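I opened my notebook to see what I could look up in one structure, step by step. Come along and check each entry against the picture.

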Amino acid sequence: MRTLALHAARYRTLMILLGAVLGLSLFLHDAWWVMVAALLLFVTGYGLMAVNPSRIGPEAFRGRPASAPVTAGEPRAVQAPVRGRWVPVNSPADKVPSHGVDAYGQTYAIDLVHHEDEESDWSGMRAWPPARRPVSFPGFGQPVFAPADGTVVRTSGWQRDHWSRNSWITLPYLIIEGLLRELGGSRLIIGNHVILDLGDGTYAAFAHLKRGSIRVRRGQRVRAGEHIADCGNSGNTSEPHLHFQLMDQPRPLIANGAPFVFERYEVGGEEQRGVPGCGHPFTVVTTDRTTAP
């Protein structure tokens, strides 16, 4: 029964979108069954939101010494897809699902915000100014790297990098915009993106990339540490950041999230293995396998 529920849960977002389309098209139809179908799709889709594809909790992701032995059943280990100093937001080390829902394969996704100023704390919301150009953020244009060897299966890089929505004034706009983007499907949510096939039925997704920055093409083989794109502010986002996740399908719309840990990163000068969380800044240094941009 659980296997059947998990399979059906892949289509929860699709059901909700179809329900919305039918609901909005009621004025075109003079049939009661259209309303019934729309309500049924809505109720079923939202009901399947409660079906979690895994029982892995935050404790499996919290950082531990990099020298600690690897335990059986540990989430897949990959390189961090960024370099330098970053702040983890919506991390699976804090809660699962990390973004509040399992939709779009983001059960274990993490948002990474580049924050190089060690003298100040990063804040997700500001009082002023209402909006800023993406180029005014330190994360905009930061290189994004392949976390493991793989093959490019999907790329999309045409969407614009919009102004920020990280102020209290623009928050209502962000919410309304997000609802409208939902109707357009996953592409408008994740923005410019790259999806890699890492083998063994695992796919890595990089979202909100900078327009025109994607360096790879479909079918291309990439190596761990290879520069594949740059951090941007496309899609459903409040400010420039990288959204990273592993999943079991190349299409986020019907994917379930897959757990991962970063092989090595530093917090407070100590090397760790896991997923950074609690909003604590972490640093990733260049590895031997990293190729130059």
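**Entry 1: a word to settle.** The model I am reading is predicted.

**Entry 2: D200, continued.** Is D200 buried or exposed? D200 has a relative accessible area of 78%, and exposed means over 50%, so D200 is exposed. I also noted its backbone: D200 is not a glycine, yet its phi is positive, at about 60°.

**Entry 3: the whole chain.** I stepped back and counted elements: the protein chain has five helices and 15 strands. Of the 293 residues in the protein chain, 49% are buried. Then I looked at contacts between residues at least 6 apart in sequence, and 75% of these join residues at least 24 apart.

**Entry 4: confidence.** I checked the pLDDT next, and the protein chain averages 87, with 88% of the residues scoring at least 70. Over residues 289-293, the pLDDT is below 50, and this stretch has 12 contacts in the model beyond near neighbours in sequence.

**Entry 5: the largest pocket.** Which residues lie nearest the centre of the largest pocket? I wrote down H99, Q106, E182, I189 and N236, out of 43 residues that line this pocket. Its volume is about 1100 Å³. I sorted the lining by class and got 23 nonpolar, 15 polar and five charged residues.

Which element gives the most to this lining? The answer is α4, with seven residues. Several elements supply at least two residues each, among them α2 (12-24), α3 (32-48), β4 (110-114) and α5 (186-190).

**Entry 6: the second largest pocket.** The second largest pocket holds about 150 Å³ of space. It is lined by 13 residues, and G63, V275, P276, G277 and H280 are the closest to its centre. Its lining has seven nonpolar, four polar and two charged residues.

**Entry 7: R181.** I went back to helix α4, where R181 lies. Is R181 buried or exposed? Its relative accessibility is 13%, and buried means under 20%, so R181 counts as buried. A polar atom of the R181 side chain lies 2.8 Å from the backbone oxygen of L188. Leaving out residues up to four places away in sequence, R181 touches Q159, H162, L188, I189, G235 and N236. Two of these names were already in my notes: I189 and N236 are listed among the residues nearest the centre of the largest pocket.

**Entry 8: T237.** My next stop was T237, in the loop between β10 (227-230) and β11. T237 counts as buried because its relative accessibility is 2%. What does the side chain of T237 meet? I found a polar contact with the side chain of H241, at 3.0 Å. A polar atom of the T237 side chain also lies 2.8 Å from the backbone oxygen of E239. With residues up to four places away in sequence left out, T237 touches H162, R165, L174 and H208.

**Entry 9: H208.** H208 sits in the loop between β8 and β9 (221-222). H208 is not a glycine, yet it has a positive phi of about 65°.

**Entry 10: A131.** I found A131 in the loop between β4 and β5 (143-145). Is A131 buried, exposed or partly exposed? Its relative accessibility is 26%, so A131 counts as partly exposed. A131 touches W163 and S164, again leaving out residues up to four places away in sequence. A131 and W163 are 32 residues apart along the chain, and their C-alpha atoms are separated by 6.0 Å.

**Entry 11: a cis bond.** Where is P97? I placed this residue in the loop between β3 (84-89) and β4. The peptide bond from V96 to P97 is cis, with omega near 0°.

Methods. Residues are numbered from 1 along each chain as its sequence is written. This is a predicted model: local features need pLDDT of at least 70, side-chain atom pairs count only at pLDDT 80 or more; totals for chains, interfaces and linings use all residues. Side-chain values use heavy atoms; hydrogens and water are left out. On a 1 Å grid over the protein atoms alone, a cavity is a set of points where a 1.4 Å probe fits but cannot get out, and a pocket is an open set with protein on both sides within 12 Å along at least five of seven lines; lining residues have an atom within 4 Å of a point. Grid points are joined across faces, edges and corners, and a volume is the space filled by probe spheres set on the points. Helices (H or I, at least four residues) and strands (E, at least two) are DSSP runs, numbered from the N terminus. Ala, Val, Leu, Ile, Met, Phe, Trp, Tyr, Cys and Pro count as nonpolar, Asp, Glu, Lys and Arg as charged, and the others, Gly among them, as polar. pLDDT is the predictor's confidence in each residue, from 0 to 100. Contact means heavy atoms within 4.5 Å. Buried means under 20% relative accessible area, exposed over 50%, partly exposed in between (1.4 Å probe, protein chains only). A polar contact is a pair of N or O atoms within 3.5 Å; within protein, one must be able to donate a hydrogen and the other to accept it, and residues adjacent in sequence count only if both atoms are side-chain atoms.
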